[in-house]
Amino acid sequence: PKTLLKHYRQSRGWRARLSCVYFAVPYARTNDDAAKLGIEALNDRSRKVRYRACSLLAYSLREDVLPYLRSMLNHDDSITVADVRAAIECIEAKNHHWFMDRGHTGRVKWTVE
């Protein structure tokens, strides 16, 4: 995650930044650098990168990231706001599956390897 964070900060293309966030997800619960990457990526120019940032933070279930997520609730992009709300819901409910199962049906499971 430390290398991914460093590479994210240096990357100019959204695809490279997206990959950094994507590959940091499995470490989100155990590594502070992965959480830092998610927090930084919340403010990315790319909607896709912001989505991955929300998914990383949702998977982390870390309550210390809630203030960063809540600060994004007034973002100009309504899709990003929906992703942020979903991440907040996951953390508050301690259920990362809800990020993918936004209707809370219980039929969608999110497995991270």
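1. Pocket lining. By class, the lining of the largest pocket has seven nonpolar, one polar and two charged residues. Here Ala, Val, Leu, Ile, Met, Phe, Trp, Tyr, Cys and Pro count as nonpolar, Asp, Glu, Lys and Arg as charged, and the others, Gly among them, as polar. The lining consists of Tyr-22, Phe-23, Val-25, Pro-26, Arg-52, Ser-55, Met-100, Trp-110, Val-112 and Glu-113. H2 and helix H4 (47-60) are the elements that give two or more residues to this lining. The volume of the largest pocket is about 160 Å³. A pocket is an open set of points on a 1 Å grid over the protein atoms alone, where a 1.4 Å probe fits, with protein on both sides within 12 Å along at least five of seven lines; lining residues have an atom within 4 Å of a point. Points are joined across faces, edges and corners, and the volume is the space filled by probe spheres set on them.

2. Basis. This is a predicted model, in which local features need pLDDT of at least 70 and side-chain atom pairs count only at pLDDT 80 or more, while totals for chains, interfaces and linings use all residues. Residues are numbered from 1 along each chain as its sequence is written, and side-chain values use heavy atoms, with hydrogens and water left out.

3. H1 against H2. The axes of helix H1 (residues 2-10) and helix H2 (residues 14-24) come within 9 Å and cross at roughly 160°. Helices are DSSP runs (H or I, at least four residues), numbered from the N terminus. Axes are lines fitted to C-alpha atoms over the stretch in contact, and angles run from 0 to 180 degrees between N-to-C directions. H1 and H2 are therefore roughly antiparallel (over 145 degrees; under 35 is roughly parallel, 65 to 115 roughly perpendicular, the rest oblique). Their crossing is left-handed, meaning that the near helix is turned anticlockwise from the far one by less than a right angle. Leu-4, His-7 and Tyr-8 of H1 meet H2 residues including Cys-20 and Phe-23. Contact means heavy atoms within 4.5 Å.

4. H2 against H3. H2 packs on helix H3 (residues 32-41) at about 140°, with axes 9 Å apart. That makes H2 oblique to H3. This crossing, too, is left-handed. Cys-20, Val-21 and Ala-24 of H2 touch Ala-34, Leu-37 and Ala-41 of H3. The contact residues divide into six nonpolar, no polar and no charged.

5. H4 against H6. The axes of H4 and helix H6 (residues 78-93) are 8 Å apart, at an angle of about 5°. The two helices are therefore roughly parallel. Among the contact residues are Arg-47 and Tyr-51 of H4, and Asp-83 and Ile-91 of H6. The division is nine nonpolar, one polar and three charged.

6. Glu-63. This residue is found in the loop between H4 and helix H5 (66-70). Leaving aside neighbours within four places in sequence, Glu-63 is in contact with Ile-91 and Lys-94. Its C-alpha atom is separated by 7.6 Å from that of Glu-92, 29 residues apart along the chain.
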